[in-house]
Amino acid sequence: MLSKSKEEYKKLLETHYVPIQMRPVWMDAVVKKGQWDVIIKSDKSGHPQGVLVYHHREFLGFRFILMPPLCFYNGIYLFDDKTLPNHKQIAFQNRAVDELISALPSHVLYYQQFHPDFNNWFSLFKKKYKQTTRYTYHIRTDVNTDELWEGLKPNARRNITKGEKRYSVKDVSFNSFWQSLEKAYRNRFNPFQKNILSELHDNLNAISCCNLQLVFDEEENILAGSLIAYDVKSSYYVCGFYEPQYKEKAGLSYLLWHQIKHNPAPLFDFEGSMIPDIEYYFRAFGGKLVPHFRIWKIYNTLLSPLIKFKFRDIF
């Protein structure tokens, strides 16, 4: 049974856009430890002004607000009135963020990564939250293919040209995809969890909001694969891999180009990376470097050393 806030959120989503990673279809799949919930801010007339989607877990009797696995964006999403002058928009944002964050249940650690549409964390700064800027790459795909092609680095063009002559892209079942992914990661750490990835795919596939594809060479060798999720505004690169023994064939480059060229949404979000090698690879596709915020706060100073050790990947 859904909570009252989730019922209200489900109804709100019928009329308001919120990125797919912050919707129930995504959160239900990826939150396996703890729970997720949502806070809705409305004006005096009952019109929604913003939401705060969050995942919380218990550890040693304390509540932690954390990013769930396989979820790049969470947190606050505001429904700005673009007709307002700038000073009124900023005042609205400051007030809405303050009210949303203040409505959270008590917790000892807050950590979320915000969607790039969120660009004003001033209210959180005043409340002594900390912020780190992270980056992703965005490509506008509602342009002609020639313009997309011109944005590619020369080596990416060469790899894609080679692929167009020799490779094929096919939709596949989750089991086929997972078997190929596991094989590709056989000699290195696999960052993906099968149960979460499988349920996320099933949820998205049920509403026709994802592509699960593999790329094959002329001998039907699997070169690479990816899972792309999308909503009406953007597609998101959720999961991908390449087969190490065929790395020089650059199958993933061809697959990503295929997905960018046939993107069902007007924007393609690589969901960035702060890992230099991955950032360098994504940059070759000609996207715009776009910042977004990682925001956190430790509320219990006595527990700070334990929290920083337990969640050392955050700090």
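## Exercises on cysteines and salt bridges

Glutamate 220 is partly exposed in this predicted model, with a relative accessible area of 43%.

**Exercise 1.** Determine which residue forms a salt bridge with glutamate 220, and where the two residues lie.

*Solution.* Step one: the side chain of glutamate 220 meets that of lysine 170 in a salt bridge, at 2.9 Å from N to O. Step two: glutamate 220 lies in the loop between β8 (210-216) and β9 (222-230), while lysine 170 belongs to strand β7 (residues 168-171). The pair, 50 residues apart, thus links distant parts of the chain. Step three: lysine 170 counts as partly exposed, at 34% relative accessibility.

**Exercise 2.** Determine whether cysteine 209 is in a disulfide or in none.

*Solution.* Step one: a disulfide requires two cysteine sulfur atoms within 2.5 Å. Step two: the cysteine sulfur nearest to that of cysteine 209 belongs to cysteine 210 and is 7.8 Å away. Step three: cysteine 209 is therefore in no disulfide, given the limit of 2.5 Å. The count of disulfides is zero. Step four: cysteine 209 is buried, with a relative accessible area of 15%, and cysteine 210 is buried as well, with 8%.

**Exercise 3.** Locate the salt bridge between lysine 261 and glutamate 164, and state how many residues apart they are.

*Solution.* Step one: the side chains of lysine 261 and glutamate 164 meet at 3.7 Å, N to O. Step two: lysine 261 is in helix α9 (residues 251-261) and glutamate 164 in helix α6 (residues 154-166), 97 residues apart. Step three: both are partly exposed, lysine 261 at 33% and glutamate 164 at 40%.

Notes:
Residues numbered from 1 in each chain as written. Predicted model: local features only at pLDDT ≥ 70, side-chain atom pairs only at ≥ 80, totals over all residues. Heavy atoms only, no water. Buried < 20%, exposed > 50% of the residue type's maximum accessible area, 1.4 Å probe, protein only. Salt bridge = Lys/Arg side-chain N within 4 Å of Asp/Glu carboxyl O. Helix = DSSP H or I, 4+ residues; strand = E, 2+ residues; numbered from the N terminus.
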